[in-house]
Amino acid sequence: MEEPSASGENEDVKQNENVSTGKQTGATAAGEDASSEVSKAEPDGKAAEEATVRFNRLKLFDKVIQKSMSKFIEHASFKVFASMFRPLYKNDVERMEEIHHQFTEMLKKSIQEDIIKLMEEGRLESKFNELDKLEDEVKDSPEPAWRPSGDPEQDFCSVVMPYYQKQRAYMKLELKRIQAENAALAEKVQAGRERIAQTEQHISTAVDEWKTTVTEFERLASSLCTANLFDE
């Protein structure tokens, strides 16, 4: 007895899904017809603008994300959702459709919020704009763009060697600057040593002069003492 009821429920789900799919298909077809009419009425300048926008990486990224999210939401169809909650579907189909609609809307919102958070953390918008700017700058460049040669070692060296050459030139400049600073410090140290040697020489000369003066004073004093003795 349970198998017929289950098959009947599946048939009801299929019928409801077919009805909803038919509505969506009709709406999509109407939208495509309207968009085709609008596109026919647009001037050539609009087409050129769309061709330019097509290469905007940020809009292309958003388009890919939206398409991927749509594919993901399709897997959470009403059929799958109803098969998980058969008793509720059996009691009230309309209520089940409302719940499924709320579920898909909340799921889209949650996914969109996570994507926005990831874009903010990775600063994807600024990086995409920077890539677009770099592409615009080299678009009219006469120099050919870099292409791989087929030799991984050669390609790796062609990319890495300019970086190491810049680093080498920078290190040479730093070495010259440090050597000049060391030479200036060495000259200051040598000048300081010379001043110290001159000061020591002045001190030694002053001490010698002082010793000579003391010796002469002592000799004069002793001679005066001897003259006083003879006077007595």
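Which residues are linked with Glu174 in a network of salt bridges? The network joins Glu174, Arg177 and Glu181. A salt bridge here is a side-chain nitrogen of Lys or Arg within 4 Å of a carboxyl oxygen of Asp or Glu.

The model is predicted: local features need pLDDT of at least 70, side-chain atom pairs count only at pLDDT 80 or more, and totals for chains, interfaces and linings use all residues. Residues are numbered from 1 along each chain as its sequence is written, and side-chain values use heavy atoms, with hydrogens and water left out.

The protein contains 8 helices and 0 strands. Helices (H or I, at least four residues) and strands (E, at least two) are DSSP runs, numbered from the N terminus. Buried residues account for 9% of the 232 residues. Buried means under 20% relative accessible area, exposed over 50%, and partly exposed in between (1.4 Å probe, protein chains only). The accessible surface is about 19,900 Å². Carbon and sulfur atoms contribute 58% of that surface. Areas were computed by the Shrake-Rupley method with a 1.4 Å probe; for residues, only the protein chains shown count as cover.

Helices α3 (residues 57–75) and α6 (residues 93–122) pack against each other. Their axes come within 11 Å and cross at roughly 150°. Axes are lines fitted to C-alpha atoms, for helices over the stretch in contact, and angles run from 0 to 180 degrees between N-to-C directions. On the α3 side, the residues that meet α6 include Phe61, Ile65 and Met69. Their counterparts in α6 include Leu107, Ile111 and Ile115.

The structure holds 4 salt bridges. One pairs Asp132 with Arg57, with the closest N and O atoms 2.8 Å apart. This pair links distant parts of the chain, as Asp132 lies in helix α7 (residues 124–138) and Arg57 in α3, 75 residues apart. Asp132 is buried at 10% relative accessibility. Arg57 is partly exposed at 28%.

Other pairs sit within single helices. Arg95 and Glu98 meet at 3.3 Å, N to O. Both lie in α6, 3 residues apart, about one turn of the helix. Glu174 and Arg177 meet at 2.7 Å, N to O. They are 3 residues apart in helix α8 (residues 152–231), so about one helical turn separates them. Glu174 is partly exposed at 22% relative accessibility, and Arg177 is partly exposed at 40%.

Methods. Contact means heavy atoms within 4.5 Å.
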